Amino acid sequence: MSLLVDVISGACIVAGSFFAVVGGIGILRLPDFYSRLHGGGITDTMGAGLILVGLMFHAGLTLVTVKLVMILFLLFVTSPTSCHALASSALAHGVRPLDPRRRDGH
Amino acid sequence: MFAVAVAAILITMSLALARAALGPTVFDRILALNMFGTKTVLLIAVFGFLTRRPHFLDLALLYTLINFIGAIAVLRFSRYGHFGDSELEQRIP
């Protein structure tokens with residue numbers, strides 16, 4: 001039972017690390033602002049979520065898990081909110097999405 | 001396993017810092033800073049587990065609240081287009 005919990009916790013943490021690195025590469029390499037927003041969002045949901053769930057499995061039913069649940073809840077509320085506000089703000093201030101059908105790209 | 005997570009988070013933080021330094025628009029820099037704040041929370045939490053002292057989670061909770069203030073600042077930026085200091089400069093000659 002303890003081995004199973006350890007395996008689940010390790011798998012969650014390693015998968016979360018993978019998603020975090022993929023999102024980091026995405027935020028550096030993707031071509032325009034809106035696709036970079038996607039790269040930032042995937043680290044905030046999948047990366048942070050999986051790593052914190054893995055830590056919860058490792059901690060068991062203690063006060064530590066309660067704190068982790070609070071951190072996860074706050075991250076899941078605030079991070080998509082700021083992502084959405086950032087996207088609408090960029091669109092309102094004239095950042096155009098990249099359009100591959102047009103020759104100049106915009 | 002915790003060391004792998006710490007290394008991955010540090011790599012992601014450096015990539016986000018590179019984007020914040022390069023970023024052509026101010027929105028890219030805000031996005032990179034937002035991501036950096038989230039990764040700071042994760043780094044503190046995982047580092048507490050790595051050193052077998054999970055009491056660091058209180059600091060992570062505090063950083064989450066600071067991130068929330070940052071999100072409110074971004075919302076204000078999206079509403080007005082600036083953080084409000086240009087009005088102050090106009091008012092004071």
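**Testing the terms**

Me: What makes the length of helix H2 of chain B agree with a helix of 25 residues?
Reply: This is a predicted model, and the check uses its C-alpha atoms. At 1.5 Å a residue, residues 26-50 of chain B should span 36 Å. The end C-alpha atoms of H2(B) are 35 Å apart, so the two values agree.

Me: Why is H2(B) called largely enclosed?
Reply: A residue counts as buried when 20 or more other C-beta atoms lie within 10 Å of its own. In H2(B), 18 of the 25 residues are buried, so the rest of the structure largely encloses this helix.

Me: What follows H2(B)?
Reply: Arg52(B) does, and its phi is positive, near 60°. Arg52(B) has this positive phi although it is not a glycine. The residue is found in the loop between H2 and H3 of chain B.

Me: How do you know that the span of helix H1 of chain B agrees with its residue count?
Reply: Its 21 residues, 2-22, should span 30 Å at 1.5 Å a residue. The end C-alpha atoms are 30 Å apart, which agrees.

Me: Which residues of H1(B) are buried?
Reply: They are Phe2(B), Ala5(B), Ala8(B), Ile9(B), Thr12(B), Met13(B), Leu15(B), Ala16(B) and Arg19(B). They cover an arc of only 165° around the axis, so they sit on the same side of H1(B).

Me: Why can residues a few places apart in a helix point the same way?
Reply: An α-helix has 3.6 residues a turn, so residues three or four places apart point the same way.

Me: What lies on each side of H1(B)?
Reply: The cover over its buried residues includes H1 and H2 of chain A, together with H2 of chain B. The face turned away from the buried side carries the exposed residues Ala3(B), Ala7(B), Ala21(B) and Leu22(B).

Me: What makes up the largest nonpolar core?
Reply: This core has 44 residues. Those with the most contacts inside it are Ile51(A), Leu86(A), Ala45(B) and Val46(B). H1, H2 and H3 of chain A each supply at least two residues, and so do H1, H2 and H3 of chain B. The largest share, twelve residues, comes from H2(B).

Me: What is Val46(B) in contact with, leaving aside its neighbours within four places in sequence?
Reply: In chain A, Val46(B) is in contact with Ile51(A) and Leu55(A). In chain B, the contacts are Phe2(B), Ala5(B), Val6(B) and Ile9(B).

Me: How many residues of each chain are in contact with the other?
Reply: 42 residues of chain A are in contact with 38 residues of chain B. The largest share of the chain A side, 16 residues, comes from H3(A). By class, that side has 24 nonpolar, 15 polar and three charged residues.

Me: How many helices and strands does chain B have?
Reply: Chain B has four helices and zero strands. Of its 93 residues, 40% count as buried.

Me: What is the predictor's confidence in chain A?
Reply: The mean pLDDT of chain A is 86, and 93% of its residues reach 70 or more.

Definitions and conventions
Residues are numbered from 1 along each chain as its sequence is written. Chains are lettered from A and ligands numbered from 1 in the order in which they are written. This is a predicted model: local features need pLDDT of at least 70, side-chain atom pairs count only at pLDDT 80 or more; totals for chains, interfaces and linings use all residues. Two residues are in contact if their C-beta atoms, placed from the backbone, lie within 7 Å. Ala, Val, Leu, Ile, Met, Phe, Trp, Tyr, Cys and Pro count as nonpolar, Asp, Glu, Lys and Arg as charged, and the others, Gly among them, as polar. The expected span of a helix is 1.5 Å times one less than its number of residues. A residue is buried if 20 or more other C-beta atoms lie within 10 Å of its own, exposed if 12 or fewer, and partly exposed in between; C-beta atoms are placed from the backbone. The arc is that of the directions from the helix axis to the C-beta atoms. A nonpolar core is a set of buried Ala, Val, Leu, Ile, Met, Phe, Trp, Tyr and Cys residues joined through C-beta atoms within 7 Å. pLDDT is the predictor's confidence in each residue, from 0 to 100.
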